[in-house]
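Here are my notes for you on this one. Keep the viewer open while you read, and check each point as you go.

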Amino acid sequence: MTAMETAAPAKKGLGERVGTFTNRHASVLPTFAAIAILILLLVGAELYFGNFLTPRNMSALLLDNAYLMILAVGMTFVIVTAGIDLSVGSVMAFTGIFGASLLSSGVPAVITIPVMLVSGALIGLLIGVLVQHFNVQPFIASLAGLFLGRGLAFVVSLSSIRVEDPVVLWLQSTRIRIGDWYITPTGILALLAVAVGAVVMHKTRFGRTVYAVGGSEQSARLMGLKVPRTKVMVYVISGLCGGLAGLVLTAYSGAGYPRNGIGTELDVIAIVVIGGTLLTGGRGYVLGSMIGVFVYGTIKTIISFMGAEQSWTHIIVGLLLLLFIVVQRAIVARSERGS
Amino acid sequence: MDEARPLVELTGTTVRFGATVALDHVDFRMFPGEVHSLMGENGAGKSTLIKALTGALTPDAGTLILDGEARAFHGPHDAQEAGISTVYQEIDLLPNLSIAENILLGREPRRLGMIDGRAMRERARVILHDLGLDLDPAAPLGTHSLAVQQLVAIARAISRDLKVLVLDEPTSSLDLDEVAELFRVIRDLKERGVAILFVSHFLDQVYEICDRITVLRDGALVGEYLTTELLRIDLVQKMLGREASFFKARERVEEAIGSEVAFLSARDLSSGAGIVGANVDVAEGEVLGLAGLLGSGRTELARALTGVDRPDAGIIRIEGEAHALDTPRQALSLGVVYSSENRRSEGLVGDMSIAENIALALQAQRGALRPLSATKVRELATSWVEALDIRPADVDVPVRNLSGGNQQKVMLARLLAISPRFIVLDEPTRGIDVGAKVEIQNLVGEMADNGLSVVFISAELEEVLRVGDRVAILRDGHIVETVASADVDVDSLMALVARPDLPEA
């Protein structure tokens, strides 16, 4: 037993408080590592290029990666339950092209946007039902979702459809400026998704049940928590995020394209893991995933600054991912030994 | 007490799994403020009855009356709402969440739809305090010992309006102090009028804490007795349904052995902090018992001897020749095998059949290129099922559906199938009933008679003494003494195990 169990809570010194904090929040450490790497990348790039940490560049970081951030929020929910969702890239492509096609046939944005979100959520619902009620492995169920989404995207159109709708374009073209910094409505949507995701995860019974399921599904069930509903819901949330990302990406590129987001699901999984979420479930943070997106985006920007091949992004992200998985293993092993 | 109305009463409870009847018209009742024990061999229907009581399964027939009201539970949630809570043997809490959340999750205090973290921690602290525990409610549960986790599980149970508390094998992984702490809590709850179902295979504990005993056998009710009116020997007879045929005495290897005749001899074996400078000699056909308290290094020694953990220092000689046993595979090739105390996580593959589980090790030894044919596997399994009397005798049944004792036998069969020469059994009788325990003990004797060297680990000193020819006593990672079983009895062995090192003046 640790001293903490026996000692009465007295006034704590700083050292003790740090001790209490790390004791309580050992699972935050990977996220701190991600923050450290982000700072390292930003400072390193600034020193190397001299013109990296500009407001323009940093604002673009959010703008360019808004859709990834939204997907990462949904993926965090799924991965914390120890599941996986491979469908997000193609769900995003499908909702994007579907929305673009609706808009081009004259359906107003106020109808199109909810339809996009709902169709994403429906694919998520399908995956969730397969996982929960038909006991299909999340990998397989969401692989089915991946093919379904991609197939539907091609059914809607084989080529890209331009979007002329002012509402959707407004999401992208509006720049809310503060000095040299700016933010677009898509960026606000992404940050909003993160904020809502974080509050739901930490402050609601549903969110805590998500962690409980990831910790031990059996225990969560025996504790009387609503496990089936929660497991279905996380895939619905991921699908909904897929739909929202479809909207944001369509606004960003000004068109729907059925080949969008091929391989994006893997980027998103990597981002979530780099942000400190354990693939085995039970631990992770939506805010960490946001940091993961920034790490990913910064690497991408650095590479384009260097004028190198974008494939280097994947190589570096791959290496980082390896590093993080090793770090997480070490942390998990340490905390298990502590028990 | 009989005149009082039972707090909970199950009548005519019947549960079928396919063709087998797990519970056959069983009546069961509990009074407020009593500690009740449910006794029976493995497979007698204890866990099924508990599940019927706690809503984990819905009986095919029968009624449940709680506090004078007929109830039907559709899941643990319903039962918990009604005031029936369970603390399971394998503690079913969430190590990744905080203690406060583990206690209150599902009915945490909320403000504006959001969980109120501060209020939740405060409430958890009060509940823990009520149990005499001073823990940091915000600390993750996983950082605490099993005993603490168990008390947290009880805290969760009492945090709501609790009428019936079911404790399923609560003491199997606790040491003596922790058991005393648990009993203090149980007595406290009893005072408050909670009915407690205490299921344990430790007869001593049952007699110490329980007021009343219900005995089940083969899914049927044998009877309900007051603890004070039921002799232990009668209890065992009722559980087994036969004259207690007990342990066949076997001839012991009496002479002390030096390293020249030892089959396996370890010198100065150290592994992490768990075991330091251990010397072990085991002769062919000898059973060496390992006795020690939890955390004394029993398992660490076992793992170091069998290559599961790579020892930090020391030499292991097998038939006089030094060998490096750094991996289980190397150990296996020398005929040295280890049977883990964690049947479920480190032993059996629950979803695979008895036959597949038995054939696993042999197949691994042969390598993937020389697969055992399906017929061969079945033949092998059938012969072992017969030899060890594994029930059910159907080799296609998934192992997960077997009782603890039978699972243990399957594990033994798997190891014996590769004809080992040295076997370490780590708590092979933990969590299994008296009858199966005796069978396992007899098996160990037979194995030794056939020339196998056995290291037998158990938390029960009596058992170690009965099975072992010699007993090595572990304390704080050191082998403090090795004695011939004939020279000690349970009391003197207990003294050896418990004797604290003299405090420095």
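1. Ground rules. This is a predicted model, where local features need pLDDT of at least 70, side-chain atom pairs count only at pLDDT 80 or more, and totals for chains, interfaces and linings use all residues. Residues are numbered from 1 along each chain as its sequence is written, while chains are lettered from A and ligands numbered from 1 in the order in which they are written.

2. Chain A overall. Chain A has 16 helices and four strands; helices (H or I, at least four residues) and strands (E, at least two) are DSSP runs, numbered from the N terminus. Its radius of gyration is 21 Å, close to the 20 Å from the globule rule for 339 residues, so chain A is as compact as a globular protein of that length. That radius is taken over C-alpha atoms, and the rule is 2.2 Å times the number of residues to the power 0.38. Along the principal axes, the C-alpha atoms of chain A fill a box of roughly 70 × 55 × 35 Å.

3. Inside chain A. Of the 339 residues in chain A, 50% are buried. Buried means 20 or more other C-beta atoms within 10 Å of a residue's own, exposed means 12 or fewer, and partly exposed is in between, with C-beta atoms placed from the backbone. Take the contacts in chain A between residues at least 6 apart in sequence: 78% of them join residues at least 24 apart. A contact needs C-beta atoms, placed from the backbone, within 7 Å.

4. A helix pair in chain A. Helix α4 (residues 55–64) and helix α15 (residues 286–306) of chain A pack at about 120°, axes 10 Å apart. Axes are lines fitted to C-alpha atoms, for helices over the stretch in contact, and angles run from 0 to 180 degrees between N-to-C directions. That makes α4(A) oblique to α15(A): under 35 degrees is roughly parallel, over 145 roughly antiparallel, 65 to 115 roughly perpendicular, and the rest oblique. Look for A:Asn57, A:Leu61 and A:Asp64 in α4(A), which meet A:Phe294, A:Gly297, A:Thr298 and A:Thr301 in α15(A).

5. Where the chains touch. How many residues of chain A are in contact with chain B? There are 29, and they meet 27 residues of chain B. On the chain A side, α1 (3–6), α2 (14–24), α11 (205–215), α12 (217–222) and α16 (311–338) each supply at least two residues. The largest share, six residues, comes from α11(A).

6. More on α11(A). This helix is mostly covered, with nine of its 11 residues buried. A:Tyr211 and A:Val213 are among them. The cover comes from both chains: it includes α5 (66–80) and α10 (185–203) of chain A, as well as α3 (99–104) and β8 (114–115) of chain B.

7. A helix pair in chain B. Helix α13 (residues 374–388) and helix α14 (residues 404–417) of chain B pack at about 125°, with axes 10 Å apart. They are therefore oblique to each other. B:Leu380, B:Trp384 and B:Leu388 in α13(B) meet B:Lys409, B:Leu412, B:Ala413 and B:Ala417 in α14(B).

8. B:Leu474 sits in strand β21 (residues 470–475) of chain B. Why is B:Leu474 called buried? Because 24 other C-beta atoms lie within 10 Å. Leaving aside neighbours within four places in sequence, its contacts include B:Leu290, B:Arg298 and B:Ile479.

Technical notes
Two residues are in contact if their C-beta atoms, placed from the backbone, lie within 7 Å.
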